[in-house]
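Let us walk through this structure one piece at a time. Keep the sequence and the 3D view side by side as you read.

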Amino acid sequence: MTNPRTADLSASISVFLIALPLSLGIALATGAPLQAGLVAAAVGGIVAARLGGAPLQVSGPAAGLTVVTAELIQRYGWRTTCAITVMAGVCQLGLAALRTARSALMVSPAIVHGMLAGIGVTIALAQLHIVLGGTPQSSAIDNVLGLPGQLADPHPAALAVSALTLVVLLGWPRLPGRAGALLRKIPPALAAVASATAMAALAGLALPRVDLPSWRSHALPELPEGPVLGLIAAVLTITLVGSVESLLSAVALDKLIASERGTERPPRADLDRELRGQGAANIVSGALGGLPVTGVAVRSVANVKSGAVSRRSSMMHGLWIVLAAALLVPVLDLIPLAALAALVMAVGVQMVNITHMRNVTRHREIVVYLTTVVAVVLGGVLEGVAIGIAVAVAVALHRLARTRITVTEEGDGHRVHARGQLTFLAVPRLSRELSQIPPRGHVVIELDGSFMDHAAYETLHDWQESHVAHGGAVEIAGRSGLRPGENQPNGAGRGAHQCCRPWTPWQNHCDQQLAEPSPEDRPVRGAERLASGISAFQRDTAPHVRGELARLAREGQQPSQLFLTCADSRLVTSMITSSGPGDLFTVRNVGNLVPLPGVESGDDSVAAAIEYAVDVLKVDSITVCGHSGCGAMQALLNASPEMPDTPLGRWLRHGRPSLERMASRHHPWARIAGRLPADAVEQLCLTNVVQQLEHLRAHESVARRLAEGTLELHGMYFHVGEAQAYLLSEGRDFFDCRVFDSVVPAERSQSPAPAHA
């Protein structure tokens with residue numbers, strides 16, 4: 001096993017080699033003194049890493065703040081910009097004290113990605129002028145208008161140096177062979193700048209180069225001068241952009257670490273502490289004459305990929321920056337500015353991420369994304385984000401208000417299909433369509449939405465009562481239906497029971513209107529109920545899923561995870577995980593048990609399913625799901641030391657290790673959402689999930705994939721009486737079952753939730 005200190009040292013050197021040229025390039029792009037980039041890199045590495053809440057995040061000057069900082073320098077001057085950075089840091093400390101870090105995550109990803117893409121476009125346009133040997137203008141529009149003249153009269157030496165920088169930067173990760181594998185250990189950014197510097201020096205090219213003046217003349221902040229509202233807007237812009245970029249980077253880094261390292265990983269980011277660390281770093285950086293500091297995704301990813309295990313890696317990288325700024329000034333002064341401009345231009349282009357565009361397109365938010373990009377490029381970051389938020393709100397309201405209501409004739413009745421959310425905005429349309437239905441007919445109202453407000457409910461309910469009173473019949477189907485617990489009026493619904501929709505065909509305990517059948521009638525009633533359920537599926541559900549099932553039939557199943565749970569009839573796996581066809585490869589047995597390989601009376605069916613899921617289907621994760629009131633766990637608690645020699649008794653012997661674990665003092669007791677279990681049965685249900693996860697690790701195929709880092713194991717507990725799912729996450733001295741609310745961000749739990757959970 002690698003020594004943690006050695007791993008951190010190695011990672012810190014890799015990050016330092018990436019951060020050094022990028023810090024100089026970002027300082028160049030903003031128009032700040034080049035030392036300011038080194039100051040921010042050193043402070044971000046030491047202060048933010050020491051005080052922040054994301055142990056492996058690397059902070060420093062970032063491209064996301066380049067445009068904002070450049071505008072402030074042009075408007076207020078460099079020393080006032082340093083003071084604005086200090087005040088932004090104070091604001092971040094205040095937000096951290098109010099514990100508002102997670103509020104930054106409520107901003108739509110389309111707005112955040114659009115903001116970064118707009119900043120990237122602005123950076124690339126400005127740096128392109130330096131690449132061609134010219135000088136960038138003050139705005140993106142001026143840079144576009146001046147580009148034809150710059151292209152007509154390029155500077156050959158600057159263009160040659162920039163071209164070499166870009167070729168090496170893009171080609172370095174693709175070097176073939178063993179020699180290429182060794183060379184690829186050098187960061188591409190460093191290799192590109194070093195190659196361009198060597199060529200410029202050997203060829204004797206006359207180019208503007210890095211000029212680091214004496215640190216004795218380094219500019220420090222001064223009291224801000226200018227319009228108060230303008231200064232407040234500047235502080236808020238630095239605070240907003242820096243905080244959002246840092247927190248999103250920390251969340252993304254948590255996901256990367258979870259996928260790379262499995263259980264051997266540092267604790268998840270404390271976002272409020274991370275915001276506090278960023279605030280302290282900005283105060284120190286601004287006070288020392290440095291650029292604004294934020295979490296940097298590129299360096300953070302490199303830190304994780306290089307094997308860093310603690311915050312020491314980032315802190316040592318900051319120390320190397322300090323040493324380089326003190327000892328390597330003659331070497332740094334050889335770097336051509338065109339090489340740094342080409343490097344930063346490439347970073348700007350990469351900020352327009354195609355994957356992000358595909359994601360927002362899939363979620364139908366491309367309008368928000370493109371509007372934010374254009375607004376940031378044309379108007380600035382703060383204005384662009386404000387416009388993006390306004391468009392996102394308008395899109396959300398449009399979706400909420402957009403409801404399609406159609407009425408079609410079917411045989412001797414009518415079908416009303418309402419697609420979308422039924423709110424007061426849809427009431428006039430709903431009332432108009434319902435009024436056109438003739439009385440005394442049978443009407444099926446199909447609600448294809450997840451929300452119905454009081455106004456829409458009253459309209460629908462009043463019309464239903466009136467229609468039934470005039471001799472008609474009404475059946476309500478779909479997601480919404482009537483309010484839970486309300487029975488339909490006589491004649492309304494052909495025997496359907498609203499209290500249990502949409503699971504009505506299988507809920508015989510909801511049927512309160514029918515008398516208890518005699519024993520000889522039960523098989524017939526069961527067959528009728530089954531046939532009725534099949535009929536309802538063919539009529540209501542099959543038309544909606546037929547296309548997806550046809551695709552799965554053609555392409556084969558590709559489930560994301562193996563879901564192993566109890567055979568209890570109260571557990572509907574697709575319901576509690578909101579999954580659909582092809583999502584889960586499900587194995588069910590009494591007690592959600594995983595027999596250890598090679599034990600007597602082993603059940604090869606479970607082992608075979610595990611092997612098939614892991615080796616053939618290549619699932620990404622395995623979830624073991626227990627539940628409250630498990631009859632198997634109750635039987636284990638009440639059983640005699642010698643289990644009866646029956647199929648059930650032999651099977652329950654596989655649960656004995658769970659009993660032993662619960663009784664052992666060497667294992668922590670499970671807690672559920674911070675409380676102790678209600679009774680011994682619930683304690684055993686929770687302990688059993690933990691124990692079966694241990695059994696899973698004993699299977700050869702699972703152990704191999706875990707060692708490769710390509711498989712994750714999760715524990716889950718479903719409280720039947722509360723209709724509440726809990727995800728088991730390993731704490732410092734116990735297993736804490738964290739509750740899932742109606743909407744839970746992925747970063748809230750220690751482990752990713754099951755597919756679609």
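**Strands and cores**

Strand β9 and strand β11 (residues 712-719) pair in the parallel sense, with 7 bridges between them. Two strands count as paired if DSSP finds at least two bridges between them. Strands (E, at least two residues) and helices (H or I, at least four) are DSSP runs, numbered from the N terminus. At one of these bridges, I622 has L713 in β11 as its partner.

This is a predicted model: local features need pLDDT of at least 70, side-chain atom pairs count only at pLDDT 80 or more, and totals for chains, interfaces and linings use all residues. Residues are numbered from 1 along each chain as its sequence is written, and side-chain values use heavy atoms, with hydrogens and water left out.

β9 also pairs with strand β7 (residues 561-566), in the parallel sense over 5 bridges. Here F563 stands opposite T623 of β9.

How many residues of β9 (residues 621-627) are buried? The count is 7 of 7. Buried means under 20% relative accessible area, with a 1.4 Å probe and protein chains only. One side of β9 carries S621, T623, C625 and H627, and the other carries I622, V624 and G626. Both faces are covered.

Now turn to the nonpolar cores. Such a core is a set of buried Ala, Val, Leu, Ile, Met, Phe, Trp, Tyr and Cys residues joined through side-chain atoms within 4.5 Å. The largest has 53 residues, and L34, L38, L291 and I321 have the most contacts inside it. Helix α2 (residues 34-51) gives the most to this core: 10 residues. A second, separate core has 40 residues, including L564, L617, I672 and V702.

Conventions:
Buried < 20%, exposed > 50% of the residue type's maximum accessible area, 1.4 Å probe, protein only.
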